[in-house]
Amino acid sequence: MSGMRPWILSEVNYGYVKEHQYEVAVLPLGATEPHNLHLPYGTDMYEGTVIGERICEAAHKQGAKVILLPTMPYGTETNMNQFPLAMNVNPSTLFLVVADLVKSLVESGIRKVVLLNSHGGNDFKPLLRELYGKTEAHLFLCNWFRVLSSEDYFEIFEHMDDHAGEMETSLIMACQGHLVDKKEDGTLNADAGSQRPMQFEALEKGWVGITRPWHLLTTNSGSGYPHASTPEKGEQLLDKLTERLGKFLAELSAAEIDATFPFVKD
């Protein structure tokens with residue numbers, strides 16, 4: 001075998017695929033949008049790719065028959081439309097594309113599909129409900145930024161992240177550090193990531209929700225304080241995600257699809 005990694009579809013060849021049947025496919029879903037002044041537009045794509053690569057490698061080493069699909073670089077950006085080059089794909093369009101990819105996987109004999117979502121503006125739970133009973137695939141949704149509990153999160157980070165804050169900046173520092181923009185003194189070329197408060201207590205407390213227009217919510221699209229970020233924190237996050245999600249993929253690969261899957265048998 002060449003230097004390819006057999007858990008990454010973009011690297012494997014047909015000669016290998018002909019001889020190996022995969023059980024689980026992982027589809028990372030990202031976006032192309034601004035992340036404050038200092039992070040690349042491809043932040044969500046890079047995050048989904050590196051997390052996908054690490055968790056699939058960990059699962060492969062545990063015997064999983066898992067394949068990582070190329071990361072989708074576009075997501076829903078309707079509330080970022082006042083920022084240049086925030087590349088929008090409407091939810092209805094995005095759902096159609098993902099549904100077509102799921103169909104391709106089923107036709108290739110893969111019936112366990114994990115949507116690894118890397119963009120807060122993507123909401124795939126309605127798609128899972130819409131496809132239930134219409135596809136042979138069992139769909140699993142993982143928003144990786146929600147895997148850690150609050151306790152786990154604050155073991156690593158000082159400040160809660162919403163968009164381009166401490167968590168995301170640390171992660172990009174760890175995996176694509178050369179793309180993080182800094183000033184001559186070594187500090188981040190970023191604002192503080194502060195948010196404009198809402199008029200109504202119900203919105204501030206989360207009792208009522210809206211689609212937040214980011215040009216009103218933020219100054220430069222960042223929501224979350226990034227200046228305490230380090231690559232070491234990013235690696236700690238990757239380690240936790242790899243441990244938890246790699247284990248899940250290995251268990252999913254080994255599981256038998258029966259009448260009660262994915263529930264425990266009676």
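Author: The largest pocket holds about 860 Å³ of space, where a pocket is an open set of points on a 1 Å grid over the protein atoms alone, at which a 1.4 Å probe fits, with protein on both sides within 12 Å along at least five of seven lines. This is a predicted model, in which local features need pLDDT of at least 70 and side-chain atom pairs count only at pLDDT 80 or more, while totals for chains, interfaces and linings use all residues. Residues are numbered from 1 along each chain as its sequence is written, and side-chain values use heavy atoms, with hydrogens and water left out.

Reader: How do the lining residues divide into nonpolar, polar and charged?

Author: The lining has 13 nonpolar, 15 polar and 11 charged residues, with Asp, Glu, Lys and Arg counted as charged, Ala, Val, Leu, Ile, Met, Phe, Trp, Tyr, Cys and Pro as nonpolar, and the others, Gly among them, as polar.

Reader: Changing topic, is strand 1 buried or exposed?

Author: 6 of the 6 residues of strand 1 (residues 24-29) are buried, so the strand is largely enclosed by the rest of the structure; buried means under 20% relative accessible area, with a 1.4 Å probe and protein chains only. Strands here are DSSP runs of E with at least two residues, and helices are runs of H or I with at least four, numbered from the N terminus.

Reader: And which residues sit on each side?

Author: Val24, Val26 and Pro28 lie on one side, with Ala25, Leu27 and Leu29 on the other. In a regular strand the side chains alternate between the two faces of the sheet.

Reader: Which strands run parallel to strand 1?

Author: Strand 2 (residues 66-68) pairs with strand 1 in the parallel sense over 3 bridges, and strand 3 (residues 112-117) is joined to strand 1 by 6 bridges, also parallel; pairing requires that DSSP finds at least two bridges.

Reader: What about helix 9, how far apart are its end C-alpha atoms?

Author: They are 34 Å apart, which agrees with the 34 Å that the 24 residues of helix 9 (residues 231-254) should span at 1.5 Å a residue, the expected span being 1.5 Å times one less than the number of residues.

Reader: Where does the cis peptide bond fall?

Author: That bond joins Phe261 and Pro262, with omega about 5°, and Pro262 lies in the segment after helix 9.

Methods
Buried < 20%, exposed > 50% of the residue type's maximum accessible area, 1.4 Å probe, protein only. 1 Å grid on protein atoms, 1.4 Å probe; cavity = no way out; pocket = protein on both sides within 12 Å on 5 of 7 lines; lining within 4 Å. Points joined across faces, edges and corners; volume = space filled by probe spheres on them.
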